[in-house]
Amino acid sequence: MTKKKTDFSHFEQSIAELEQIVQQLEQGDLSLDQALQQFERGIELSRTSQQQLQAAQQKVQLLVQNAGQDQLEPFVASEGE
């Protein structure tokens, strides 16, 4: 049995493409057909990115548990960050 390996290499590219799609849709210069196609692509990118984030979170959780800690602490950024 082989483990499924999650590919995180395209995450940033997907997010950049998603941001571009949002800008195009916000401008309102696309035809209805083009807007629907872009919206569909955006949904696909959003779902894929969410799955990658969840996989990364699970991996971090496993690493933390293997290090002997029971749970993750929420990240709180200081005001200077």
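## Salt bridges

A salt bridge is a side-chain nitrogen of Lys or Arg within 4 Å of a carboxyl oxygen of Asp or Glu. By this rule the chain has two salt bridges. This is a predicted model, in which local features need pLDDT of at least 70 and side-chain atom pairs count only at pLDDT 80 or more, while totals for chains, interfaces and linings use all residues. Residues are numbered from 1 along each chain as its sequence is written, and side-chain values use heavy atoms, with hydrogens and water left out.

E17 pairs with R41 in a salt bridge whose closest N and O atoms are 2.9 Å apart. This pair links distant parts of the chain, since E17 is in helix α1 and R41 in helix α2, 24 residues apart. R41 also meets E44 in a salt bridge, at 2.6 Å from N to O. Both R41 and E44 belong to helix α2 and are three residues apart, about one turn of the helix. Through shared partners, the salt bridges join E17, R41 and E44 into one network.

## Helices

The secondary structure consists of two helices and zero strands. Helices (H or I, at least four residues) and strands (E, at least two) are DSSP runs, numbered from the N terminus. Helix α2 covers residues 32-66, has 35 residues and reaches 51 Å from its first C-alpha to its last. That is close to the 51 Å expected at 1.5 Å a residue, where the expected span is 1.5 Å times one less than the number of residues. Just after α2, G68 has a positive phi of about 95 degrees.

## Buried and exposed residues

Buried means under 20% relative accessible area, exposed over 50%, and partly exposed in between (1.4 Å probe, protein chains only). Of the 81 residues in the chain, 11% are buried. In α2 the buried residues are A35, G42, L45, S49, Q52, A55 and V64, and they pack against α1 (11-27).

S14, in helix α1, counts as buried because its relative accessibility is 11%. Leaving aside neighbours within four places in sequence, S14 is in contact (heavy atoms within 4.5 Å) with L45 and S49. Q52 is buried because its relative accessible area is 10%. Q52 and F11 are 41 residues apart in sequence, and their C-alpha atoms are 7.4 Å apart in space.
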